[in-house]
Amino acid sequence: MQRTREKTDKMEESKAMRKLRVCVATCNRADYSKLAPIMFGIKANPDEFELEVVVLGSHLIDDYGNTFRMIEQDDFDIGSKLHTIVRGEDEAAMVESVGLALVKLPDVLHRLRPDVLIVHGDRFDALALATAAALMNIRILHLEGGEVSGTIDDSIRHAISKLAHYHACCTRTAEQHLIAMCEDHTRILLAGCPSYDKLLAAHHRDDYMDIIRNWLGDNVKEHDYIVALQHPVTTDIKNSIKIYELMLDALISFNKRTLVLFPNIDAGSKEMVRVMRKKGVEQHPNFRAVKHVPFEQFIQLVCHAGAMIGNSSCGVREAGAFGTPVINLGSRQTGRETGENVLHVRDADTQNKIYHALELQFGKRYPCSKIYGDGNAVPRIMKFLQAIDLDEPLQKTFCFPPIREWDISQDIDHILETQSALAIDLGGTNLRVAIVSMRGKIVKKYSQANPKTYEARIELILKMCAEAVFDAVHLNCRILGVGVSTGGRVNPQEGVILHSTKLIQEWSSIDIRTPISDALHLPVWVDNDGNCAALAEKKFGHGKGVENFVTIITGTGIGGGIIQHNELIHGSTFCAAELGHIMVSLDGPECMCGSRGCIEAYASGMALQKEAKRLHDEELLEVEGMVDLKKAEFVSAIHLINAARLGNSKAGAVLRTASMALGVGIVNILHVVNPSLVILSGVLATHYQAPVQQVIGQRALTSAQRIQVLTSDLEEPALLGAASMVLDYTTRRIY
């Protein structure tokens, strides 16, 4: 017993005397600003810790300032320098850089044999470090895990967290995220950001104006300059370069002294530098473009700036400690916790939008925020390192929540919510494509001018559809098929447009189904726009649950569709429901179909516009209270309606005639198919609803006089109808 006790005492004494061998690996200027305070803390405790420093990544590249020199200037001995960056600044180069680091790191880690490796953040270099250490059974302390941003950095950060054994996070929310990721809460330290220890202690310097003038020139004043730092977004390189270009354009127009820092080494950075040089930023008198600023001086520049702009994490983290106004551009920091000093411009798609954000933010001061730290992170991390028990099992364990059996099932409403259709609307002016969900929500819509030729139109349709199918994946929408709505006479069985309206040229005897189906490998349905409007009402509008109803479109032309016994009526030659061409007069005005006295010749938008122009030419349209029509670009049906509303008897007579023609035509429909409901759709529907209901009450048979006329609530009947063809056919199942 005595010998056993003596042996235990000697082991405990040996353990107490042994120093913890800590390796800090730094990859770039940004992570060194977070790691340096910890390195100083370790170095200040030589009796307890032994520090090893490994430098890799962009620290060793001249284009990024050879920033390893600042580590040497801080009097740290660099144990290993690893050249791990494969030049190219594209996605492939990033992958190759990770691979090169994984090839070189094992020798270094085997030689150093650290007890703990400290890794920071979410860079691809850090992922290589964590992977190598985990596979070599080296304990990992991960800094700033559990945070959320809007790029591939999220995935890398969370992957490192899963490899790490210990976590030092910055915010309470990040701590909760790590716990939700099944990390052991006893191995999570809520420390705060280590860089805050330095910046909160050092930002009140007497020589700050000397630093500002050194970087920006002698004439610059406090709070009268901008710091710009924008990095590429590796998951959306093209858009991030566009935002960078717009930012530079806005800064040039804003005409303030600006310090522009070069972007990091991620894929797309080379293109960003090209944009900067193309715009002459390095020669511009208002700009100073630099590759690197020492962190202590960078603190002063951010603290006293009139604004900071870009997508750097410094803007949403460190700048908040000073109350510096920040304009955060794009999606790179989406999800990060921010103070009130940050103005987000996530959809930074125009120069004016960015310029306006600069106008709103420049020169303001905000309350200082300490979301990311209180200046005491390093002492907490030192105690955390001291508490690490090297005798504990190396294999980390996860704290999974209990799983209940019913959690693994799915609800049918959730499944149906994600099932979607691709809808195409071929109008006389515009070509539109939309992703439409099962419940009739337009998830995303695309619009382009409708080309005049067949070849150009087909090419544009396929291009827009391909873009929508690509976006659908990211929107969690499963495309079941394609529905096409077009003007004219359509054979829906063959997917062929037989005869088009005069508004769409080169669009007769066209097989529209085959090219779309071949290109997208999806089933395709095609129908007339009037029929599609009826189908939209049947699935999503007033016609839902109604067995027999008629939909009438009142727009540029007059069209519609008939639902009889829950089925759409096409007719033997596919010209049923050509409601606009029902004749209501034997000697009426000429119609575009070549006949006379059609409803469309009286009540369509084109017919009203024609009458408005006639009255205007005769100087009979304008009345007191109207806008001066001489200044208008063209006279439209709306001018006629406004004139009638203001008491113009001539305009009122035209509208009464149009309403009577439409009403008589609808009475004829009621007497032929006897629907239980009439739905008016289109831009003129609200103007016709009451007069048409009155005509029905006066002229219809007694049994039809009570049939109700409603105006549609659907904003996009053509797109919704095209989508309903897909959704109804592809989801006919019994649950």
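## A guided tour of the predicted model

Begin by selecting strands β18, β19 and β20: they form an open sheet of three strands in that order, with antiparallel pairing. The edges of this sheet are β18 (489-491) and β20 (510-511), each with a single partner strand, so one side of each is left without a neighbour in the sheet. Here strands (E, at least two residues) and helices (H or I, at least four) are DSSP runs numbered from the N terminus, and two strands pair if DSSP finds at least two bridges between them.

This is a predicted model, in which local features need pLDDT of at least 70 and side-chain atom pairs count only at pLDDT 80 or more, while totals for chains, interfaces and linings use all residues. Residues are numbered from 1 along each chain as its sequence is written, and side-chain values use heavy atoms, with hydrogens and water left out.

Buried means under 20% relative accessible area, exposed over 50%, and partly exposed in between (1.4 Å probe, protein chains only). In soluble globular proteins, nonpolar side chains tend to be buried together.

Keep L329 selected and show its contacts, meaning heavy atoms within 4.5 Å. Not counting residues up to four places away in sequence, L329 touches Q230, I243, M247, I309, G310, N311, V345, A348 and I354.

**Salt bridges**

The tour now turns to charged side chains. A salt bridge is a side-chain nitrogen of Lys or Arg within 4 Å of a carboxyl oxygen of Asp or Glu; by this rule the count comes to 34.

- Select E716 and K445: they form a salt bridge whose closest N and O atoms are 2.8 Å apart. E716 lies in the loop between β26 (708-711) and α25 (717-730) and K445 in strand β16 (residues 442-449), so the pair ties together parts that are 271 residues apart in sequence. E716 is buried at 13% relative accessibility, whereas K445 is partly exposed at 41%.
- Select R614 and E611, whose side chains meet in a salt bridge of 2.8 Å, N to O. Both belong to helix α21 (residues 605-617), where they are three residues apart and thus separated by about one helical turn. R614 is partly exposed at 35%, and E611 is partly exposed at 26%.
- Select E72 and K81, a salt bridge in which the closest N and O atoms are 3.2 Å apart. E72 is partly exposed, with a relative accessible area of 38%, and K81 is partly exposed at 40%.
- Finally, select K34, D122, E144, E147, D154, R157, R317, E318 and R336 together: a network of salt bridges links them.

**The annotated site and its cysteines**

For the last stop, select H581, C591, C593 and C598, which UniProt lists in an unreviewed entry under "binding site". UniProt positions are given in the numbering used here, feature names are shortened, and annotations may be inferred rather than shown by experiment. Although these residues are spread over 18 residues of sequence, they cluster in space, with a largest C-alpha distance of 8.8 Å.

C591 lies in the loop between β24 (567-568) and α20 (599-603) and is buried at 6% relative accessibility. Not counting residues up to four places away in sequence, C591 touches H581, R596, C598, E600 and A601. C593 lies in the loop between β24 and α20 as well, and touches H581 and C598, with residues up to four places away in sequence again not counted.

How many disulfides does the structure hold? There are zero, a disulfide being a pair of cysteine sulfur atoms within 2.5 Å. C593 is in no disulfide; its nearest cysteine sulfur, that of C591, is 3.7 Å away. C593 is partly exposed at 42% relative accessibility. C598 is likewise in no disulfide, and the nearest cysteine sulfur, that of C593, is 3.8 Å away; C598 is buried at 1%.
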